Amino acid sequence: MVLKSCGKLMALVEGEEVHAIVVKFGFMKNTFVGSTLIDMYSSGARVKCAYRVFNEMVLRNVFTWTSMINGYIANGDLASARMLFDLAPERDVVLWNRMITGYIECRDMEEARKLFDVMPNKDLMSWNTLLNGYANNGDVEGCENLFEEMQERNIFSWNGLIGGYAHNGCVTEVINAFKRMLNESDVKPNDATLVNVLSACTRLGALDLGKWVHVYAESNGYKHNVYVANGLIDILIEVDDEVAEFYCFDERHFKSKEIYGALRSLMKALRSSGYVLDFMEVGQESPLFLVD
């Protein structure tokens, strides 16, 4: 705990004092203590000191190797990280993912893909890591191709694709991917999904879909999420609908009962005339199901 605190506070002088106590009392045999020392020195850009600790350790496990490799990556020495990675006697999925992430952070997607292709026992995080790597490095086609290869997808997979489109200015593709997500999967959108979709709706002027997302966000607990709310504000500005703006942001208005009463009367009149308005049920005529 003390060593972790030294690393977080960049208190390397105090950390070195604790290190001396560790050596004096023979705690270097403890792999957890050794790994923590490596993390402390690495966080302070003292990679040589971190490697000295690593090299002096009597016992090393996969966590120790991961700490040292992570230290090299965090300090921009990808060559040393890869050399140590290739020498590691045991490589779990965390270590594989960290090495792949290192290449992604250096914008070397070719090497990241090569390592991913030879990785045994890939988990969903491995796929999502590479997916986001393509998206963040501007390779939309690579992101799309990898997404289609995936046998399993979760919310992070869909957000990786949708966010990748949004990050690279492909606003139409954001909408199409969102529709596909709702139609083809059991995964429910979260706040990150809705923020990207609302932004795309505003930029495209897709106000019908924007209104539907507004209702969806409200009914699924995102009404007071600050990021979603900002997206909703942009939509409401485009719609210029004072009633919608009140309904979304001013429910404690001193005349709320009168306004809601008037809205309910209006809805009853509409229904009695044979007009049914139900945003909560996604039917075939919903903007989400329209085919371009």
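The model is predicted: local features need pLDDT of at least 70, side-chain atom pairs count only at pLDDT 80 or more, and totals for chains, interfaces and linings use all residues. Residues are numbered from 1 along each chain as its sequence is written, and side-chain values use heavy atoms, with hydrogens and water left out.

**Whole chain**

- The chain holds 17 helices and zero strands; helices (H or I, at least four residues) and strands (E, at least two) are DSSP runs, numbered from the N terminus.
- Of its 292 residues, 42% are buried, meaning under 20% relative accessible area with a 1.4 Å probe, protein chains only.
- The accessible surface is about 16,600 Å², and carbon and sulfur atoms account for 54% of that; areas come from the Shrake-Rupley method with a 1.4 Å probe.
- Of the contacts (heavy atoms within 4.5 Å) between residues at least 6 apart in sequence, 54% join residues at least 24 apart.

**Helices 3 and 4**

- Helix 3 (residues 31-43) packs against helix 4 (residues 47-56) with axes 7 Å apart and an angle of about 170°; axes are lines fitted to C-alpha atoms over the stretch in contact, and angles run from 0 to 180 degrees between N-to-C directions.
- That angle makes the two helices roughly antiparallel, a label for angles over 145 degrees.
- The contact has eight nonpolar, two polar and no charged residues; Ala, Val, Leu, Ile, Met, Phe, Trp, Tyr, Cys and Pro count as nonpolar, Asp, Glu, Lys and Arg as charged, and the others, Gly among them, as polar.
- Residues of helix 3 in this contact include Leu37 and Tyr41, and those of helix 4 include Val53 and Phe54.

**Helices 9 and 11**

- The axes of helix 9 (residues 124-136) and helix 11 (residues 155-167) come within 9 Å and cross at roughly 5°.
- Helix 9 is therefore roughly parallel to helix 11, the term for angles under 35 degrees.
- This contact has five nonpolar, seven polar and no charged residues.

- Residues 61-91 are 74% helix and 0% strand, with end C-alpha atoms 10 Å apart.
- Residues 123-157 are also 74% helix and 0% strand, with end C-alpha atoms 12 Å apart.

**Asn97**

- Asn97 lies in helix 7 (residues 93-105) and counts as buried because its relative accessibility is 7%.
- Beyond neighbours within four places in sequence, Asn97 contacts Met119, Asp123, Met125 and Ser126.

Terms used: Parallel < 35°, antiparallel > 145°, perpendicular 65-115°, else oblique. Buried < 20%, exposed > 50% of the residue type's maximum accessible area, 1.4 Å probe, protein only.
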